[in-house]
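Welcome! Have the model open beside you, try each exercise yourself, and then read the solution step by step.

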Amino acid sequence: MPPHDYTPAVEELSLEDSSNVANLSKAPAPLPASCRPRYESYFSERGRHIRPGGIRSLVTEFIHIKGMCSLAGGLPPADLFPISKMTLELVNGDTLEVDNVQMAQQYNLTMDGCPELRAWATALTRRQQRPACETETVLTSGSNSALDLLAFILLERGDCIAVDEFHFPVLVEGHALPEGVEVVSVGMDGQGVDPASLEAVLADRARRGLALPKMLYTIPVAQNPTGAVASAERLAEVYRVCAKYGLLILEDDPYYFLQYPSGAEAVPGTDLPPGYLSVDRDGRVIRIDSLSKILAPGLRLGWVTCAPAIARKVALTAANTSTGVSGISAAVARTLVRNWGEDGFDAHARGTQAHYAAKAAACDAAARRHLADVATWDAPKAGMFMWLRLSGMDTLDSAALVEAMREEQVIAVPASAVSIKEDRPFLRVSFSYGNSEQIDEGVRRLGAAIRRCMAAQKVQAQ
Ligand SMILES: Cc1ncc(COP(=O)(O)O)c(C=O)c1O
(Lines give C-alpha, C1' and ligand atoms only; values in the text may rest on other atoms or scores of the structure.)
Protein backbone atom coordinates (compact mmCIF):
# COMPACT_ATOMS: atom_id res chain seq x y z
CA MET A 1 0.00 0.00 0.00
CA PRO A 2 1.51 3.38 -0.90
CA PRO A 3 2.24 5.63 2.07
CA HIS A 4 0.93 8.72 0.27
CA ASP A 5 -2.50 7.75 -0.96
CA TYR A 6 -4.52 4.90 -2.24
CA THR A 7 -7.54 6.15 -4.07
CA PRO A 8 -10.53 4.27 -2.77
CA ALA A 9 -12.63 5.65 -5.60
CA VAL A 10 -10.99 3.32 -8.09
CA GLU A 11 -13.41 0.50 -7.50
CA GLU A 12 -16.24 3.03 -7.73
CA LEU A 13 -14.82 4.25 -11.04
CA SER A 14 -15.30 0.73 -12.44
CA LEU A 15 -13.05 1.46 -15.36
CA GLU A 16 -12.02 -2.10 -15.82
CA ASP A 17 -13.88 -2.72 -19.05
CA SER A 18 -12.85 -0.95 -22.19
CA SER A 19 -16.26 0.57 -22.93
CA ASN A 20 -15.94 2.59 -19.75
CA VAL A 21 -12.45 3.62 -20.74
CA ALA A 22 -13.78 4.85 -24.06
CA ASN A 23 -16.56 6.74 -22.28
CA LEU A 24 -14.02 8.24 -19.97
CA SER A 25 -12.14 9.77 -22.87
CA LYS A 26 -15.34 11.28 -24.23
CA ALA A 27 -17.13 12.88 -21.32
CA PRO A 28 -15.29 12.79 -18.03
CA ALA A 29 -17.25 14.13 -15.10
CA PRO A 30 -15.21 15.16 -12.06
CA LEU A 31 -15.56 12.96 -9.00
CA PRO A 32 -16.70 14.52 -5.72
CA ALA A 33 -14.06 16.25 -3.60
CA SER A 34 -13.99 13.29 -1.20
CA CYS A 35 -12.52 11.15 -3.99
CA ARG A 36 -9.61 13.53 -4.81
CA PRO A 37 -6.08 12.50 -3.87
CA ARG A 38 -5.10 13.68 -0.39
CA TYR A 39 -2.57 16.15 -1.71
CA GLU A 40 -0.98 16.77 1.69
CA SER A 41 0.23 13.18 1.70
CA TYR A 42 2.04 13.65 -1.63
CA PHE A 43 4.04 16.72 -0.59
CA SER A 44 7.64 16.39 0.47
CA GLU A 45 8.62 17.73 3.87
CA ARG A 46 9.75 20.93 2.10
CA GLY A 47 6.50 21.14 0.16
CA ARG A 48 4.42 20.63 3.27
CA HIS A 49 6.18 23.35 5.24
CA ILE A 50 6.82 26.02 2.64
CA ARG A 51 5.28 29.35 3.63
CA PRO A 52 5.09 32.77 1.98
CA GLY A 53 8.25 34.83 2.58
CA GLY A 54 7.71 37.35 5.41
CA ILE A 55 8.83 40.55 3.68
CA ARG A 56 7.25 39.54 0.40
CA SER A 57 3.88 38.91 2.05
CA LEU A 58 3.87 42.39 3.57
CA VAL A 59 4.91 44.06 0.33
CA THR A 60 2.36 42.15 -1.74
CA GLU A 61 -0.46 42.69 0.70
CA PHE A 62 -0.04 46.44 1.12
CA ILE A 63 1.36 47.69 -2.18
CA HIS A 64 -2.03 47.66 -3.91
CA ILE A 65 -3.92 49.57 -1.20
CA LYS A 66 -4.76 53.03 -2.44
CA GLY A 67 -2.99 55.81 -0.55
CA MET A 68 -0.59 53.36 1.15
CA CYS A 69 2.76 54.82 2.05
CA SER A 70 5.02 51.79 1.62
CA LEU A 71 8.31 51.76 3.46
CA ALA A 72 8.49 47.98 3.31
CA GLY A 73 9.80 46.71 -0.02
CA GLY A 74 13.22 47.04 -1.59
CA LEU A 75 11.71 47.86 -4.96
CA PRO A 76 13.89 50.01 -7.22
CA PRO A 77 12.01 53.17 -8.22
CA ALA A 78 10.59 52.93 -11.74
CA ASP A 79 12.40 56.10 -12.91
CA LEU A 80 15.75 54.37 -12.38
CA PHE A 81 14.98 51.64 -14.88
CA PRO A 82 17.08 52.05 -18.04
CA ILE A 83 14.52 51.05 -20.68
CA SER A 84 11.80 53.52 -21.58
CA LYS A 85 10.41 51.90 -24.70
CA MET A 86 10.38 48.45 -26.27
CA THR A 87 9.43 47.87 -29.87
CA LEU A 88 9.31 44.37 -31.26
CA GLU A 89 10.07 44.00 -34.92
CA LEU A 90 8.65 40.71 -36.14
CA VAL A 91 10.12 38.58 -38.90
CA ASN A 92 7.15 39.46 -41.13
CA GLY A 93 8.04 43.15 -40.81
CA ASP A 94 5.24 44.07 -38.35
CA THR A 95 6.22 46.20 -35.39
CA LEU A 96 4.60 45.93 -31.97
CA GLU A 97 4.91 48.36 -29.10
CA VAL A 98 5.31 46.75 -25.64
CA ASP A 99 3.21 48.58 -23.07
CA ASN A 100 3.88 48.91 -19.34
CA VAL A 101 7.62 48.73 -19.89
CA GLN A 102 8.37 50.07 -16.41
CA MET A 103 6.32 47.35 -14.73
CA ALA A 104 8.07 44.76 -16.88
CA GLN A 105 11.37 45.84 -15.31
CA GLN A 106 10.06 45.62 -11.73
CA TYR A 107 9.93 42.60 -9.41
CA ASN A 108 6.75 40.58 -9.71
CA LEU A 109 4.52 42.07 -7.05
CA THR A 110 1.97 39.28 -6.99
CA MET A 111 2.24 35.54 -7.33
CA ASP A 112 0.53 35.97 -10.69
CA GLY A 113 3.73 37.35 -12.19
CA CYS A 114 2.20 38.68 -15.35
CA PRO A 115 -1.61 38.51 -14.93
CA GLU A 116 -2.35 39.02 -18.62
CA LEU A 117 -0.04 36.24 -19.78
CA ARG A 118 -1.30 33.96 -17.03
CA ALA A 119 -4.89 34.63 -18.11
CA TRP A 120 -3.92 33.84 -21.71
CA ALA A 121 -2.22 30.58 -20.66
CA THR A 122 -5.24 29.62 -18.54
CA ALA A 123 -7.67 30.27 -21.39
CA LEU A 124 -5.49 28.44 -23.92
CA THR A 125 -5.21 25.39 -21.64
CA ARG A 126 -8.98 25.38 -20.97
CA ARG A 127 -9.65 25.54 -24.71
CA GLN A 128 -7.12 22.93 -25.76
CA GLN A 129 -7.10 20.53 -22.82
CA ARG A 130 -10.71 20.79 -21.59
CA PRO A 131 -9.92 19.92 -17.96
CA ALA A 132 -12.91 18.42 -16.15
CA CYS A 133 -11.54 19.11 -12.68
CA GLU A 134 -10.86 22.47 -11.08
CA THR A 135 -7.37 23.69 -12.01
CA GLU A 136 -5.13 26.68 -11.48
CA THR A 137 -2.30 27.93 -13.67
CA VAL A 138 1.11 29.14 -12.51
CA LEU A 139 3.61 30.70 -14.91
CA THR A 140 7.10 29.19 -14.78
CA SER A 141 10.44 29.87 -16.45
CA GLY A 142 9.88 27.08 -18.99
CA SER A 143 9.19 23.39 -18.38
CA ASN A 144 12.53 22.77 -16.73
CA SER A 145 11.73 25.29 -14.05
CA ALA A 146 8.31 23.68 -13.61
CA LEU A 147 10.00 20.30 -13.11
CA ASP A 148 12.33 21.91 -10.59
CA LEU A 149 9.48 23.50 -8.61
CA LEU A 150 7.42 20.31 -8.65
CA ALA A 151 10.38 18.19 -7.58
CA PHE A 152 10.92 20.60 -4.67
CA ILE A 153 7.38 20.34 -3.35
CA LEU A 154 6.75 16.66 -4.12
CA LEU A 155 9.95 14.61 -3.99
CA GLU A 156 12.29 13.63 -1.19
CA ARG A 157 14.69 10.82 -0.27
CA GLY A 158 12.91 7.50 0.01
CA ASP A 159 10.21 8.37 -2.53
CA CYS A 160 9.77 6.50 -5.77
CA ILE A 161 8.67 7.76 -9.20
CA ALA A 162 7.76 5.91 -12.40
CA VAL A 163 9.14 7.17 -15.70
CA ASP A 164 8.93 6.22 -19.36
CA GLU A 165 11.72 3.72 -20.05
CA PHE A 166 13.26 6.26 -22.42
CA HIS A 167 12.75 9.72 -20.97
CA PHE A 168 13.75 13.35 -21.05
CA PRO A 169 16.38 13.19 -18.31
CA VAL A 170 16.02 16.45 -16.34
CA LEU A 171 13.65 15.16 -13.63
CA VAL A 172 15.54 11.88 -13.24
CA GLU A 173 19.14 13.10 -13.47
CA GLY A 174 18.67 16.57 -12.08
CA HIS A 175 16.32 15.84 -9.20
CA ALA A 176 15.26 12.26 -8.47
CA LEU A 177 18.60 10.45 -8.46
CA PRO A 178 20.65 13.14 -6.65
CA GLU A 179 17.85 13.45 -4.07
CA GLY A 180 17.78 9.69 -3.37
CA VAL A 181 14.44 9.09 -5.05
CA GLU A 182 14.02 5.62 -6.54
CA VAL A 183 13.29 5.64 -10.26
CA VAL A 184 11.18 2.85 -11.74
CA SER A 185 11.32 2.41 -15.49
CA VAL A 186 8.10 1.56 -17.37
CA GLY A 187 8.01 -0.19 -20.75
CA MET A 188 6.91 1.70 -23.86
CA ASP A 189 5.49 0.99 -27.28
CA GLY A 190 4.65 3.09 -30.34
CA GLN A 191 2.24 5.21 -28.25
CA GLY A 192 4.62 5.89 -25.38
CA VAL A 193 4.12 4.48 -21.91
CA ASP A 194 2.55 1.03 -22.03
CA PRO A 195 -0.30 0.66 -19.49
CA ALA A 196 0.13 -3.12 -19.25
CA SER A 197 3.80 -2.69 -18.36
CA LEU A 198 2.89 0.05 -15.87
CA GLU A 199 0.26 -2.10 -14.23
CA ALA A 200 2.60 -5.10 -14.07
CA VAL A 201 5.34 -3.02 -12.40
CA LEU A 202 2.92 -1.53 -9.87
CA ALA A 203 1.16 -4.81 -9.10
CA ASP A 204 4.52 -6.48 -8.56
CA ARG A 205 5.68 -3.76 -6.18
CA ALA A 206 2.38 -3.88 -4.29
CA ARG A 207 2.67 -7.67 -3.99
CA ARG A 208 6.21 -7.38 -2.64
CA GLY A 209 5.25 -4.65 -0.17
CA LEU A 210 7.49 -2.08 -1.87
CA ALA A 211 6.65 1.61 -1.90
CA LEU A 212 4.53 2.55 -4.89
CA PRO A 213 5.64 5.50 -7.01
CA LYS A 214 4.19 8.87 -6.07
CA MET A 215 3.84 9.83 -9.68
CA LEU A 216 4.26 8.83 -13.30
CA TYR A 217 6.39 11.29 -15.26
CA THR A 218 5.44 11.03 -18.91
CA ILE A 219 5.46 12.95 -22.19
CA PRO A 220 2.26 12.22 -24.14
CA VAL A 221 3.01 14.03 -27.42
CA ALA A 222 6.18 13.66 -29.49
CA GLN A 223 7.66 11.81 -26.55
CA ASN A 224 11.25 12.85 -26.04
CA PRO A 225 13.20 10.81 -27.18
CA THR A 226 10.96 8.34 -29.06
CA GLY A 227 8.57 10.75 -30.81
CA ALA A 228 5.57 8.60 -29.73
CA VAL A 229 2.11 10.18 -29.55
CA ALA A 230 -0.51 8.70 -27.19
CA SER A 231 -4.09 8.21 -28.47
CA ALA A 232 -7.14 9.18 -26.38
CA GLU A 233 -7.67 5.51 -25.50
CA ARG A 234 -4.06 5.22 -24.36
CA LEU A 235 -4.36 8.31 -22.14
CA ALA A 236 -7.52 6.90 -20.54
CA GLU A 237 -5.93 3.52 -19.92
CA VAL A 238 -2.75 4.94 -18.37
CA TYR A 239 -4.89 7.26 -16.25
CA ARG A 240 -6.96 4.29 -15.08
CA VAL A 241 -3.86 2.44 -13.90
CA CYS A 242 -2.45 5.52 -12.15
CA ALA A 243 -5.77 6.16 -10.39
CA LYS A 244 -5.94 2.53 -9.31
CA TYR A 245 -2.51 2.66 -7.67
CA GLY A 246 -2.70 6.22 -6.41
CA LEU A 247 -0.06 7.82 -8.69
CA LEU A 248 -0.17 11.45 -9.70
CA ILE A 249 0.48 11.97 -13.42
CA LEU A 250 3.07 14.55 -14.36
CA GLU A 251 2.31 15.35 -17.99
CA ASP A 252 5.22 17.22 -19.59
CA ASP A 253 3.92 18.42 -22.97
CA PRO A 254 6.25 20.97 -24.63
CA TYR A 255 5.67 19.52 -28.13
CA TYR A 256 1.87 19.70 -27.99
CA PHE A 257 1.62 22.32 -30.75
CA LEU A 258 4.21 20.54 -32.91
CA GLN A 259 1.86 17.86 -34.21
CA TYR A 260 1.55 17.15 -37.94
CA PRO A 261 -0.16 13.75 -38.23
CA SER A 262 -0.96 14.22 -41.94
CA GLY A 263 2.23 15.95 -43.05
CA ALA A 264 2.95 19.51 -44.15
CA GLU A 265 -0.02 19.77 -46.51
CA ALA A 266 -2.72 19.29 -43.84
CA VAL A 267 -1.45 20.68 -40.56
CA PRO A 268 -3.94 20.89 -37.68
CA GLY A 269 -3.02 24.26 -36.11
CA THR A 270 -4.70 24.43 -32.73
CA ASP A 271 -7.29 21.81 -33.70
CA LEU A 272 -5.57 19.18 -31.57
CA PRO A 273 -6.78 16.43 -29.25
CA PRO A 274 -6.40 17.10 -25.53
CA GLY A 275 -4.03 15.28 -23.17
CA TYR A 276 -4.26 13.79 -19.68
CA LEU A 277 -6.07 16.76 -18.12
CA SER A 278 -9.06 15.90 -20.27
CA VAL A 279 -9.41 12.39 -18.83
CA ASP A 280 -8.63 13.43 -15.27
CA ARG A 281 -11.67 12.92 -13.05
CA ASP A 282 -10.13 13.34 -9.63
CA GLY A 283 -7.45 16.01 -9.93
CA ARG A 284 -4.33 13.82 -10.12
CA VAL A 285 -2.90 15.27 -13.33
CA ILE A 286 -0.25 17.99 -13.24
CA ARG A 287 0.27 19.42 -16.70
CA ILE A 288 3.33 21.37 -17.86
CA ASP A 289 3.21 23.57 -20.96
CA SER A 290 6.06 25.50 -22.50
CA LEU A 291 6.50 28.33 -24.99
CA SER A 292 10.00 27.07 -25.85
CA LYS A 293 9.05 25.03 -28.90
CA ILE A 294 6.11 27.04 -30.19
CA LEU A 295 7.64 30.52 -29.63
CA ALA A 296 11.26 30.64 -28.45
CA PRO A 297 13.26 28.88 -25.72
CA GLY A 298 15.08 32.09 -24.83
CA LEU A 299 11.85 33.52 -23.43
CA ARG A 300 12.05 30.89 -20.64
CA LEU A 301 8.28 30.78 -20.24
CA GLY A 302 5.90 27.96 -19.51
CA TRP A 303 3.15 27.10 -17.05
CA VAL A 304 1.83 24.43 -14.75
CA THR A 305 -1.88 23.57 -14.67
CA CYS A 306 -3.11 21.39 -11.80
CA ALA A 307 -5.27 21.15 -8.70
CA PRO A 308 -5.24 24.47 -6.79
CA ALA A 309 -3.71 22.81 -3.69
CA ILE A 310 -0.62 21.88 -5.71
CA ALA A 311 -0.58 25.04 -7.84
CA ARG A 312 -0.41 27.23 -4.72
CA LYS A 313 2.68 25.38 -3.50
CA VAL A 314 4.29 25.72 -6.94
CA ALA A 315 3.62 29.47 -6.93
CA LEU A 316 4.95 29.87 -3.39
CA THR A 317 8.11 27.99 -4.25
CA ALA A 318 8.61 30.11 -7.37
CA ALA A 319 8.08 33.28 -5.34
CA ASN A 320 10.58 32.16 -2.70
CA THR A 321 13.27 31.07 -5.16
CA SER A 322 13.39 32.86 -8.52
CA THR A 323 10.66 35.41 -7.60
CA GLY A 324 8.75 34.15 -10.62
CA VAL A 325 9.11 34.60 -14.34
CA SER A 326 11.05 37.41 -16.01
CA GLY A 327 8.85 40.47 -16.46
CA ILE A 328 10.61 41.41 -19.69
CA SER A 329 10.03 37.97 -21.20
CA ALA A 330 6.42 37.95 -20.06
CA ALA A 331 5.90 41.42 -21.58
CA VAL A 332 7.33 40.30 -24.92
CA ALA A 333 5.18 37.15 -24.97
CA ARG A 334 1.98 38.92 -23.90
CA THR A 335 2.49 41.58 -26.57
CA LEU A 336 2.90 38.89 -29.23
CA VAL A 337 -0.08 36.76 -28.25
CA ARG A 338 -2.33 39.75 -27.62
CA ASN A 339 -1.56 41.02 -31.09
CA TRP A 340 -2.07 37.62 -32.71
CA GLY A 341 -5.32 36.71 -30.97
CA GLU A 342 -6.61 33.15 -31.30
CA ASP A 343 -6.45 33.17 -35.11
CA GLY A 344 -2.93 34.54 -35.22
CA PHE A 345 -1.72 31.95 -32.73
CA ASP A 346 -3.40 29.23 -34.79
CA ALA A 347 -1.68 30.56 -37.94
CA HIS A 348 1.66 30.62 -36.13
CA ALA A 349 1.12 27.01 -34.96
CA ARG A 350 0.30 25.98 -38.55
CA GLY A 351 3.47 27.55 -39.88
CA THR A 352 5.57 25.87 -37.21
CA GLN A 353 3.91 22.49 -37.81
CA ALA A 354 4.42 22.73 -41.58
CA HIS A 355 8.09 23.54 -41.02
CA TYR A 356 8.69 20.53 -38.76
CA ALA A 357 6.56 18.25 -40.95
CA ALA A 358 8.78 19.08 -43.94
CA LYS A 359 11.91 18.41 -41.90
CA ALA A 360 10.48 15.16 -40.53
CA ALA A 361 9.81 14.06 -44.11
CA ALA A 362 13.36 15.03 -45.13
CA CYS A 363 14.76 13.01 -42.22
CA ASP A 364 12.59 10.01 -43.07
CA ALA A 365 13.71 10.18 -46.71
CA ALA A 366 17.36 10.51 -45.68
CA ALA A 367 17.01 7.51 -43.36
CA ARG A 368 15.51 5.47 -46.19
CA ARG A 369 18.52 6.40 -48.31
CA HIS A 370 21.22 5.82 -45.73
CA LEU A 371 19.96 3.66 -42.86
CA ALA A 372 17.62 1.03 -44.30
CA ASP A 373 20.18 -1.77 -43.83
CA VAL A 374 21.06 -0.88 -40.23
CA ALA A 375 17.92 0.44 -38.52
CA THR A 376 14.14 0.58 -38.42
CA TRP A 377 11.99 3.55 -37.42
CA ASP A 378 8.53 5.10 -37.65
CA ALA A 379 8.16 8.28 -39.69
CA PRO A 380 7.70 11.09 -37.12
CA LYS A 381 4.20 12.58 -36.80
CA ALA A 382 5.08 15.21 -34.21
CA GLY A 383 7.99 16.97 -32.61
CA MET A 384 11.65 17.08 -33.52
CA PHE A 385 12.94 13.54 -33.16
CA MET A 386 13.17 10.27 -35.04
CA TRP A 387 13.83 7.16 -32.97
CA LEU A 388 16.01 4.49 -34.58
CA ARG A 389 16.11 0.86 -33.55
CA LEU A 390 19.42 -0.57 -34.65
CA SER A 391 18.89 -3.85 -36.50
CA GLY A 392 20.22 -7.20 -35.36
CA MET A 393 21.47 -5.98 -31.97
CA ASP A 394 20.15 -6.62 -28.46
CA THR A 395 22.59 -4.32 -26.76
CA LEU A 396 24.64 -1.42 -27.96
CA ASP A 397 28.09 -0.34 -26.83
CA SER A 398 27.13 3.33 -26.75
CA ALA A 399 30.63 4.52 -25.85
CA ALA A 400 31.91 2.80 -29.01
CA LEU A 401 29.09 4.32 -31.05
CA VAL A 402 29.86 7.79 -29.71
CA GLU A 403 33.51 7.27 -30.73
CA ALA A 404 32.45 6.12 -34.21
CA MET A 405 30.18 9.18 -34.51
CA ARG A 406 33.05 11.41 -33.44
CA GLU A 407 35.18 9.96 -36.22
CA GLU A 408 32.42 10.51 -38.77
CA GLN A 409 31.81 14.02 -37.39
CA VAL A 410 28.18 13.53 -36.52
CA ILE A 411 26.36 13.21 -33.21
CA ALA A 412 22.99 11.72 -32.20
CA VAL A 413 21.75 10.59 -28.77
CA PRO A 414 22.20 6.92 -27.82
CA ALA A 415 19.55 5.34 -25.57
CA SER A 416 22.01 5.13 -22.67
CA ALA A 417 21.72 8.92 -22.26
CA VAL A 418 17.94 8.77 -21.84
CA SER A 419 17.39 5.57 -19.88
CA ILE A 420 18.41 4.15 -16.53
CA LYS A 421 18.54 0.67 -18.06
CA GLU A 422 21.46 -1.09 -19.69
CA ASP A 423 22.62 -0.15 -23.18
CA ARG A 424 19.68 -0.58 -25.50
CA PRO A 425 20.17 -0.45 -29.28
CA PHE A 426 18.24 2.78 -29.89
CA LEU A 427 19.29 6.22 -31.06
CA ARG A 428 17.54 9.59 -31.07
CA VAL A 429 18.01 11.63 -34.23
CA SER A 430 17.02 15.29 -34.11
CA PHE A 431 15.92 16.94 -37.36
CA SER A 432 14.94 20.30 -35.88
CA TYR A 433 17.95 22.45 -36.64
CA GLY A 434 19.52 21.82 -40.03
CA ASN A 435 18.07 22.22 -43.53
CA SER A 436 17.28 19.19 -45.72
CA GLU A 437 20.81 19.00 -47.15
CA GLN A 438 22.33 19.11 -43.69
CA ILE A 439 19.85 16.51 -42.43
CA ASP A 440 20.72 14.24 -45.35
CA GLU A 441 24.44 14.63 -44.79
CA GLY A 442 24.09 14.07 -41.04
CA VAL A 443 22.04 10.92 -41.56
CA ARG A 444 24.55 9.67 -44.16
CA ARG A 445 27.40 10.13 -41.68
CA LEU A 446 25.31 8.50 -38.96
CA GLY A 447 24.83 5.45 -41.19
CA ALA A 448 28.61 5.24 -41.64
CA ALA A 449 29.17 5.50 -37.87
CA ILE A 450 26.57 2.82 -37.11
CA ARG A 451 28.11 0.44 -39.68
CA ARG A 452 31.57 1.06 -38.27
CA CYS A 453 30.32 0.38 -34.73
CA MET A 454 28.38 -2.73 -35.77
CA ALA A 455 31.43 -4.14 -37.53
CA ALA A 456 33.57 -3.56 -34.42
CA GLN A 457 30.95 -5.18 -32.14
CA LYS A 458 30.82 -8.22 -34.48
CA VAL A 459 34.61 -8.58 -34.42
CA GLN A 460 34.56 -8.41 -30.61
CA ALA A 461 31.84 -11.03 -30.40
CA GLN A 462 33.85 -13.50 -32.53
C1 LIG B 1 10.11 16.71 -22.60
C2 LIG B 1 10.78 18.00 -22.33
N3 LIG B 1 10.52 18.65 -21.19
C4 LIG B 1 11.08 19.84 -20.92
C5 LIG B 1 11.96 20.44 -21.80
C6 LIG B 1 12.55 21.76 -21.45
O7 LIG B 1 11.75 22.76 -21.97
P8 LIG B 1 11.86 24.29 -21.52
O9 LIG B 1 12.69 24.97 -22.52
O10 LIG B 1 10.44 24.76 -21.52
O11 LIG B 1 12.45 24.33 -20.15
C12 LIG B 1 12.26 19.81 -23.01
C13 LIG B 1 13.20 20.44 -23.95
O14 LIG B 1 13.93 19.93 -24.65
C15 LIG B 1 11.65 18.56 -23.27
O16 LIG B 1 11.89 17.89 -24.40
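**Exercise 1.** Find which residues touch the most other members of the largest nonpolar core.

*Solution.* Start with the core itself: a nonpolar core is a set of buried Ala, Val, Leu, Ile, Met, Phe, Trp, Tyr and Cys residues joined through C-beta atoms within 7 Å. Buried means that 20 or more other C-beta atoms, placed from the backbone, lie within 10 Å of a residue's own. The largest core here has 124 residues, and Leu150, Ile249 and Leu388 touch the most other members. Helix H12 (residues 327-370) gives the most to this core, with 14 residues; helices (H or I, at least four residues) and strands (E, at least two) are DSSP runs, numbered from the N terminus. Next, follow Leu150: beyond its neighbours within four places in sequence, Leu150 is in contact (C-beta atoms, placed from the backbone, within 7 Å) with Leu250, Ile286 and Val314.

Two notes on reading the model: residues are numbered from 1 along each chain as its sequence is written. The model is predicted, so local features need pLDDT of at least 70 and side-chain atom pairs count only at pLDDT 80 or more, while totals for chains, interfaces and linings use all residues.

**Exercise 2.** Decide whether Leu247 is buried or exposed.

*Solution.* First locate Leu247, in the loop between helix H10 (232-245) and strand E9 (248-252). Then count: Leu247 has 29 other C-beta atoms within 10 Å, so Leu247 is buried. Finally, look at its contacts outside four places in sequence, which are Ala162, Pro213, Lys214, Met215, Leu216 and Cys242.

**Exercise 3.** Explain why the buried residues of helix H8 lie on the same side of H8.

*Solution.* In H8 (residues 170-179), the buried residues are Leu171, Val172 and Ala176. They share a side because they cover an arc of only 80 degrees around the axis, the arc being that of the directions from the helix axis to the C-beta atoms. Their cover includes H7, strand E4 (160-164), strand E5 (182-186) and strand E8 (215-218). After H8 comes Gly180, with a positive phi near 85 degrees.

**Exercise 4.** Work out the strand order of the open sheet of four strands.

*Solution.* Two strands pair if DSSP finds at least two bridges between them. The order is E12-E13-E15-E14, with antiparallel pairing. At the edges, strand E12 (375-376) and strand E14 (413-414) each pair on one side only. Further in, five bridges join E13 (residues 385-390) to E15 (residues 426-430), and Phe385 stands opposite Ser430 in E15.

Note on methods:
Buried ≥ 20, exposed ≤ 12 C-beta atoms within 10 Å, placed from the backbone. Contact = placed C-beta atoms within 7 Å.
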